[in-house]
Each structure stands twice: as C-alpha cells, then as structure tokens.
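Let us walk through this model together.

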Amino acid sequence: MKKPEDRNIKAVDFYYFTGTGNTLLIVHKMRDTFTEKGVKVTVNKIEKTVSGKINPENTIGLAFPVAIFTTYPLVWDFVKSMPEVKGTPVFMVDTFGGLSFGVVGHLKNVLRKKGYRVIGAKQIQMPINVFIVMPDDWSRKRIEKGYETARLYTEDILAGKSSWKSFPLLSGLMYYLCIGVFKITDWKIHQKYLHMKVETVKCNSCGICAEFCPANNIQMEQYPVHGFKCQYCLRCASVCPQGAIPGFINYKKVVYKLPDNSLEELLRHDE
Ligand SMILES: Cc1cc2nc3c(=O)[nH]c(=O)nc-3n(C[C@H](O)[C@H](O)[C@H](O)COP(=O)(O)O)c2cc1C
Ligand code: SF4
Ligand code: SF4
C-alpha cells in the first residue's frame with residue numbers, strides 16, 4: 001500500500017467565493033479544523049484579492065460553489081490570473097446541490113500547468129440554493145453532513161491521505177459540452193439577456209444588495225438596478241432583508257437563506 005506523503009503543512013491561505021453562504025460555512029469548518037491542529041490559516045474573499053499577491057510559500061485552498069456544472073466566471077478569472085509557481089501545494093473544495101461534473105478535472109489541468117502541486121479535491125453536497133429550496137430542518141441536516149465531510153477531508157489533507165482524483169475524460173467532456181457545444185455556461189449570453197429584478201413594492205432602498213454584490217453589478221438609484229456583469233450567484237437575493245429580490249428566473253420566487261439567516265454577518269466578519 002502507498003505510504004501517506006508527509007506534508008508538514010504549517011500555513012494555509014484560503015481563497016473562496018460564496019454566493020449564498022454554503023461554501024463559506026465549509027471554509028470556516030476547515031479553518032477551525034486546521035487551527036485545532038496547529039496550522040495557521042487565513043481566509044480571503046476571491047473578489048477582494050489581487051491573485052498576483054498570493055504567497056507561494058503557503059499551501060493554497062481554493063473554495064467555490066458549482067454553477068451550471070462548472071463554477072462562476074469570477075472564480076475562473078481568479079484561477080487564470082494566479083501566478084506561476086514552483087510546486088506550491090494547492091487543494092480545492094467545492095459545494096454543490098446534487099450534480100456536478102465539469103470542474104475538478106479542468107481546474108487540475110489549469111493549476112498543474114502553472115506549476116502547482118495538486119494535493120486534494122473534494123466536492124461537498126450542501127443545500128441546493130436555486131430552483132428548489134428545502135425547509136430549514138432539512139438544510140440543517142445537510143449542512144451538518146457537509147461539516148463532517150469537511151472535517152474528515154481536512155484531516156486527510158494533513159495526514160497526506162487526500163488526492164485530486166478526477167475522471168479527466170468525463171470532466172473534460174462535460175466542460176467542453178457545457179461551454180463549447182451547448183453554451184449553457186456561456187455567461188456572456190446570460191448576462192446580456194437574463195437580468196435579476198427587484199420587486200420595488202417590497203424594497204426599502206437600504207442598499208445592502210449593492211454593498212454585497214461581488215461583481216459590482218448593482219447600481220443604487222431610487223431602487224437597485226442590476227447591470228450586465230451578473231454572476232447569478234444569488235447573493236443579492238439572499239442578503240436582502242425584505243425578500244425583494246426573487247430567484248433569477250423568478251421561478252416560484254424561492255430564495256435560499258442559511259437556516260440561521262447569518263450570511264450578512266458572516267460576510268462582514270470576514271472583511
Ligand atoms: C446559477 C446556479 C447554478 C447552479 N448549478 C449547479 C449545478 O450545476 N450543479 C449542482 O449540483 N448545484 C448547482 N447549484 C447549486 C449550488 O452549487 C449549491 O447550492 C452551492 O452549495 C451554493 O454555494 P454558495 O451558497 O456558497 O453559493 C447552482 C446554483 C446556482 C445559483
Ligand atoms: S437589499 Fe433588498 S430592500 Fe435593500 S435595496 Fe436591495 S432589494 Fe431593496
Ligand atoms: S447582482 Fe446578485 S446575483 Fe448578480 S453577481 Fe451581484 S449579487 Fe450575484
């Protein structure tokens with residue numbers, strides 16, 4: 001049997017993106033587990049990070065949600081602009097609702113070409129935040145399961161037992177089909193035609209949605225106006241205290257919120 005590699009990890013820098021909070025919960029669980037084991041951890045928002053500033057001496061953790069079988073354009077932009085390195089260890093964790101193929105293999109290739117040493121990839125199922133929103137009790141149970149997976153994964157990373165497994169052909173094929181052939185992840189087309197809307201009768205013009213939009217896509221006029229740079233991450237809908245922004249295609253107007261409604265506080269705390 002292959003011996004676990006001695007990783008001797010001393011410091012981890014997380015770079016994460018979250019729309020509605022699931023990924024951030026997982027990052028916090030992993031941060032706490034690393035910290036308990038004596039590892040120094042920083043947690044950084046992708047949208048606030050200049051990727052050239054990444055410290056290649058530390059282990060890098062990338063965390064993001066799955067979106068349309070891949071992930072959001074701002075996450076890919078960040079990854080593509082990460083500096084070239086000589087063997088910096090990197091692991092990834094994503095959260096998803098139920099079906100994910102296209103991201104793990106493609107990301108592995110991109111990072112390897114830049115000189116990173118890929119040491120772990122994990123996809124963690126969390127409550128789905130789009131189309132179907134389950135009751136809070138159900139979400140809580142799924143989050144608890146996610147926490148357990150995150151804890152075990154962190155311990156595996158430290159023990160040298162994690163790996164970046166992917167099915168390169170399947171992952172590559174899905175990425176190619178979604179992006180190249182069916183264009184379902186052609187964000188530019190969505191951004192042109194698909195706009196989030198505010199229900200002005202509910203809106204109190206507080207501006208919280210604009211403050212938290214990671215893409216600076218919301219202008220505050222009398223009411224918020226969404227522009228053409230949307231990632232469809234649903235953060236604006238999730239933080240709105242008035243429930244004035246329905247899901248992005250208005251489907252049943254469902255909006256996912258963390259069961260304790262803590263997204264705004266968590267995001268502020270991470271500044
Ligand atoms: C626009 C959009 C697309 C999504 N696409 C997928 C998908 O292809 N597969 C999947 O399993 N979940 C998908 N989801 C669900 C999220 O990946 C899942 O709920 C994730 O945990 C959300 O993380 P966050 O709260 O950190 O944003 C999608 C969510 C959104 C908003
Ligand atoms: S967060 Fe909600 S209530 Fe506040 S400005 Fe935005 S849409 Fe209106
Ligand atoms: S407008 Fe809303 S859904 Fe679009 S990027 Fe900003 S926060 Fe995300």
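Two strands pair if DSSP finds at least two bridges between them. Keep that rule in mind for this predicted model.

Start with strand S4, residues 89-96. Is S4 mostly covered or exposed? It is mostly covered: eight of its eight residues are buried. Here, buried means that 20 or more other C-beta atoms lie within 10 Å of a residue's own. In a regular strand, side chains alternate between the two faces of the sheet. Look for that in S4. Pro89, Phe91, Val93 and Thr95 point one way. Val90, Met92, Asp94 and Phe96 point the other way. Residues on both sides are buried.

Now look at the partners of S4. Strand S3 (residues 59-65) is joined to S4 by six bridges, and the two run parallel. Within this pairing, isoleucine 60 has valine 90 of S4 as its bridge partner. To get from S3 to S4, the chain passes through helix H2 (residues 73-80). This β-α-β crossover is right-handed.

Strand S5 (residues 117-125) also runs parallel to S4, with eight bridges between them. In this pairing, threonine 95 stands opposite isoleucine 124 of S5. The chain goes from S4 through helix H3 (residues 104-113) to S5, in a right-handed β-α-β crossover.

Next, find ligand 1. It is surrounded by 24 residues, and the closest are Gly19, Asn22, Thr23, Pro65 and Gly97. Helix H1 (22-36) and S4 are the elements that give two or more residues to this shell. The shell has 13 nonpolar, 11 polar and no charged residues.

Methods: Residues numbered from 1 in each chain as written. Chains lettered and ligands numbered in written order. Predicted model: local features only at pLDDT ≥ 70, side-chain atom pairs only at ≥ 80, totals over all residues. Buried ≥ 20, exposed ≤ 12 C-beta atoms within 10 Å, placed from the backbone. Helix = DSSP H or I, 4+ residues; strand = E, 2+ residues; numbered from the N terminus. Right-handed = clockwise from strand over helix to strand, strands pointing away. Near = placed C-beta within 6 Å. Nonpolar A, V, L, I, M, F, W, Y, C, P; charged D, E, K, R; others polar.
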